[in-house]
Amino acid sequence: MPTGILRAASPSEIKEILHLARLHELEVIPLVQTFGHMEFVLKHEKFSHLREVELFPNALNPHKEESLALVSTMINQVMELHRGIRWFHIGCDEVYYLGEGEMSKQWLQKEQNNMVKLCLTQMKAIASQVLIHHPNVKPIVWDDMLRGINEECLTESGIAQLVEPMIWDYIEDMDVHGKVLLMDKYRKCGFPKLWVASAFKGATGVNQSLTIISHHLKNNIQWLKVADSGPAEMLQGIVLTGWQRYDHFSVLCELLPVGIPSLAVCLQALKHGGYTDNVKNIVEKYLGMSNLEINSFMSESSGTFPGSDVFALITQISFHLRHSVDELLERNRYVTGWFSPYHRKRKMIHPVMIQHIHPDAISLLTRWNTVIQELQAALERIFYPDAVEEWLEENTHPTIRKLQQLLQDLDAAIAAQS
């Protein structure tokens with residue numbers, strides 16, 4: 001599942017977010033990873049002894065009492081700032097390497113033990129911590145660790161009385177019939193309620209910088225078909241996930257301002273039961289865009305929605321920065337013919353060629369530095385400095401450095417001729 005910017009929000013920032021949510025009639029459901037995706041905790045030396053596998057910070061060791069005490073403390077800390085909530089998401093997805101730790105291997109050698117029992121026992125223990133301390137709050141779990149468990153085991157485990165599963169799938173050609181069958185399976189196992197989850201950004205590339213709206217729209221339309229065909233009395237709602245990273249250690253994918261047009265499209269499609277010309281007009285009105293293209297990244301205007309300046313600048317950089325620099329370095333006849341890597345290494349250049357290369361390189365660098373500075377200022381109005389630094393380093397610095405290196409090599413070749 002996606003995770004956010006690495007800096008934690010302060011209590012005062014959380015209170016402000018919750019205040020704004022209430023003003024806009026939004027109900028907040030916190031999510032804290034408590035089993036898998038525990039890198040944000042287990043990467044620290046203080047907690048590394050609680051890893052399932054010593055080398056990997058992914059999963060929590062389910063055999064140590066301290067593990068449950070840790071997640072209970074984490075849950076209570078978040079609960080303290082979210083008084084009056086009705087649901088709390090405890091994660092529990094993608095518990096990679098579960099069963100591969102030394103304590104788990106020993107535990108699994110006992111005849112009555114197996115992987116299903118290992119997983120469900122820990123899920124139940126975490127959910128019980130929520131219910132014991134916060135009896136009016138219902139735990140939610142991602143469903144992927146439950147999907148492969150047979151109906152008999154799920155039913156007998158009692159997990160259905162403790163949690164509401166959230167079925168997730170983010171692909172555009174999602175198997176509708178398969179999801180309906182899965183919902184029915186959970187119904188038979190005793191789960192009274194469940195959720196489903198789509199995505200409005202992320203899930204299409206670990207370092208994706210622009211949101212593929214058509215992909216996410218198709219995914220959400222598929223979920224509408226599931227909702228129409230599945231057991232309606234079970235479905236609590238659909239969650240539109242917005243990924244910021246694939247996991248705690250991966251790079252940033254699409255930033256929120258870039259994904260807002262996709263969010264608007266997907267929300268309105270879900271609200272109206274599809275994406276028609278009328279829905280398109282509604283979305284364009286909300287975004288302040290004259291012609292939103294869902295099958296490409298381009299539109300006639302960048303819009304007037306909050307963050308639209310970031311959206312426009314990142315679109316410009318993603319489409320044109322690398323292309324324009326590669327055009328100069330790899331397809332400009334003066335550079336490829338008279339200032340090749342061979343020439344640059346030996347500081348050789350025909351004096352006439354300097355006037356053909358230097359002005360274009362300087363002009364290009366100046367133009368892109370201006371755009372990048374404008375984007376940096378726009379990002380700093382929204383994001384913490386470390387997120388701004390990371391995005392620019394990943395998405396602009398490598399290409400700009402190639403252009404700067406060309407100019408440095410050109411200056412060195414000029415100096416060598418003096």
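**Values set against definitions**

Tutor: The lining of the second largest pocket consists of 5 nonpolar, 5 polar and 3 charged residues, where Ala, Val, Leu, Ile, Met, Phe, Trp, Tyr, Cys and Pro count as nonpolar, Asp, Glu, Lys and Arg as charged, and the others, Gly among them, as polar. This is a predicted model, in which local features need pLDDT of at least 70 and side-chain atom pairs count only at pLDDT 80 or more, while totals for chains, interfaces and linings use all residues. Residues are numbered from 1 along each chain as its sequence is written, and side-chain values use heavy atoms, with hydrogens and water left out.

Student: What makes a set of points a pocket and not a cavity?
Tutor: On a 1 Å grid over the protein atoms alone, a cavity is a set of points where a 1.4 Å probe fits but cannot get out, whereas a pocket is an open set with protein on both sides within 12 Å along at least five of seven lines. The second largest pocket has a volume of about 300 Å³, a volume being the space filled by probe spheres set on the points, with grid points joined across faces, edges and corners.

Student: Which residues that line the second largest pocket are the closest to its centre?
Tutor: Lining residues have an atom within 4 Å of a point, and of the 13 in this lining the closest to the centre are Asn207, Ser209, Arg322, Glu394 and Asn395. Helix 12 and helix 16 (385-395) are the elements that give two or more residues to the lining; helices (H or I, at least four residues) and strands (E, at least two) are DSSP runs, numbered from the N terminus.

Student: Why are helix 10 and helix 12 called roughly perpendicular?
Tutor: Helix 10 (residues 256-272) and helix 12 (residues 308-331) pack at an angle of about 100°, with their axes 7 Å apart. Axes are lines fitted to C-alpha atoms, for helices over the stretch in contact, and angles run from 0 to 180 degrees between N-to-C directions. Angles under 35 degrees count as roughly parallel, over 145 as roughly antiparallel, 65 to 115 as roughly perpendicular and the rest as oblique, so helix 10 and helix 12 are roughly perpendicular to each other.

Student: Which residues of helix 10 and helix 12 meet?
Tutor: Pro257, Val258 and Pro261 in helix 10 meet Val310, Phe311 and Ile314 in helix 12, contact meaning heavy atoms within 4.5 Å. By class, this contact has 6 nonpolar, no polar and no charged residues.

Student: How do you know that Cys92 counts as buried?
Tutor: Buried means under 20% relative accessible area, exposed over 50%, and partly exposed in between (1.4 Å probe, protein chains only). Cys92 has 0% relative accessibility and therefore counts as buried; its place is in the loop between strand 3 (87-89) and helix 4 (102-108).

Student: What makes Glu13 partly exposed?
Tutor: Glu13, found in helix 1 (residues 11-23), has a relative accessible area of 26%, so Glu13 is partly exposed. Not counting residues up to four places away in sequence, Glu13 touches Arg7, Ala8 and Tyr384.

Student: Why is Glu284 called buried?
Tutor: Glu284 has a relative accessible area of 8%, and therefore Glu284 is buried. This residue is found in helix 11 (residues 277-287), and, leaving out residues up to four places away in sequence, Glu284 touches Met289, Ser290, Asn291 and Leu292.
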